[in-house]
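Thanks, everyone. Let me put the model on the screen and walk you through it.

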Amino acid sequence: MPILVPTPEGDFKFEVKVDKSSNEVSLKVFKGAFKFEQTVQVDNDGNTDAGTVNVTSDAVDMAVVTGYYDRMQDILAKVGFGDLVTDQSSNRYGQLDRGTEQFDLFDGDGSLSSSYEDMSALFQDNDGDGEADINNYDIVFINCGASEQYISSPKGAHQHSHEEFAKSVSKNLSKADIAAVQSFVQNGGTLYATDLAYDYAEQSLPSYVDFYDDDTTPASDPEQWNIAQKGTGGITTDATVLDSDLETWLGNVSCKSGNCLNSDQTVHVEDFLGGWSVINGFHTQNNTKAWIEGPVEWSGGTVLKPLTVSFQAGSGKVLFSSLPSSRNLLLNSDPRNAFCSILYLNNT
């Protein structure tokens, strides 16, 4: 099987032997959770340039849970998994035009109409196959500010203070729901959670990432709900990219202020809001990785902390970022690059 070799520009190159007697070949692409097929033409010498291979909407099953502070659904729309609102007079200009998404969107913050299911549906067996419906997906994105008690406030209610929300967010995922997340990942799913949604990783798979706590909880046990939400708001940091390939990639894409990397190869991050979730490090070095770290302030002082991490659990993966991702590293670049960064982390 040929190996896809990524280029700094975000392309992939590969070589494969083909049957010269045929003028076409079926190109089957498998990359992480993404898999799709495309027929390409072959010349008389057995050579072909596949050109641009477009990821089709059925290449992967994705679910996105809305949150108060991150909007991964808009990133997906900007790379072709939905349409954008183009009316500049609309307060939703540049966001996902709801109803056009090519993924399943669940209400995690009371912002969607009643035509969308609450995120609780992910933890129910609505299709009668004997397991929670979260297992129907390859990737599940849970935005920062998604409820942990599902939707307990009226539709359309919003929180405006990140720090106050961090203190008050409910702590009511049931044991069955936590077990469903654990099973989803261990059976091959990818969970992508940001900031205040860290408990979806911590409560289900606690023995990998060491989130801030009181240091008395055993690594194998989940920590107290929301205890890591201690980050200081209004800070900025110049963070170090710990993965050389990711650093090279960031050096070849553009961010809103120009180059994504500073002259010292760090990444400038700003817009931290009060109460962001702090990572101490890892409980184990097995199957874990820190991608970005930087000096940050929190209630305990100013310390160098991991800011984006991932770990393998069973056949699946969890990616978590403390970064204000909808406002920074994943969104301040061209939206196509933003999604590429997700794919990069997902598939490396």
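Which residues of α3 are buried? They are Asp177, Ile178, Ala180, Val181, Phe184 and Val185. Buried here means under 20% relative accessible area, exposed means over 50%, and partly exposed is in between, with a 1.4 Å probe and protein chains only. Seen down the axis of α3, these buried residues fall within an arc of 155 degrees, so they line one face of the helix. The arc is taken over the directions from the helix axis to the C-beta atoms.

Some ground rules. This is a predicted model, where local features need pLDDT of at least 70, side-chain atom pairs count only at pLDDT 80 or more, and totals for chains, interfaces and linings use all residues. Residues are numbered from 1 along each chain as its sequence is written, and side-chain values use heavy atoms, with hydrogens and water left out. Helices (H or I, at least four residues) and strands (E, at least two) are DSSP runs, numbered from the N terminus.

Back to α3. The helix covers residues 175–186, twelve residues. From first C-alpha to last it reaches 16 Å, close to the 16 Å expected at 1.5 Å a residue. That expected span is 1.5 Å times one less than the number of residues. On the face turned away from the buried side sit the exposed residues Lys175 and Ala176. What covers the buried residues? The cover includes β7 (139–142), β8 (190–194), α4 (199–202), β16 (301–313) and β17 (316–321). Glycine 188 follows α3, with a positive phi near 120 degrees.

Two asparagines also have positive phi. Asparagine 226 is at about 65 degrees, in the loop between β9 (209–211) and β10 (237–241). Asparagine 287 is near 60 degrees, in the loop between β14 (279–282) and β15 (288–298). Which is buried, which exposed? Asparagine 226 is buried, at 8% relative accessibility. Asparagine 287 is exposed, at 51%.

Now the rings. The structure holds eight aromatic pairs. Rings of Phe, Tyr and Trp (its six-membered ring) pair if their centres lie within 6.5 Å; planes under 30 degrees apart are stacked, over 60 edge-to-face, the rest tilted. Take phenylalanine 211 and phenylalanine 320: centres 5.2 Å apart, planes at 80 degrees, so edge-to-face. Phenylalanine 211 is in strand β9 and phenylalanine 320 in strand β17, 109 residues apart. Phenylalanine 211 is buried at 2% relative accessibility, and phenylalanine 320 is buried at 3%.

Next, tyrosine 212 and tryptophan 298. This pair is edge-to-face too, 4.9 Å centre to centre, with 65 degrees between the planes. Tyrosine 212 lies in the loop between β9 and β10, tryptophan 298 in strand β15, 86 residues apart. Both residues are buried. Ring pairs also link Tyr198, Phe211 and Phe320 into a cluster.

The charged end of lysine 289 sits over the ring of tryptophan 291, 4.2 Å from its centre. The criterion is NZ of Lys or CZ of Arg within 6 Å of the ring centre and within 35 degrees of the ring normal.

Last, confidence. The chain averages a pLDDT of 80, and 72% of the residues score at least 70; pLDDT is the predictor's confidence in each residue, from 0 to 100. Where is confidence lowest, and where highest? The lowest is helix α6 (residues 335–347), at a mean of 41. The highest is strand β6 (residues 104–106), at 97.

Terms used
Contact means heavy atoms within 4.5 Å.
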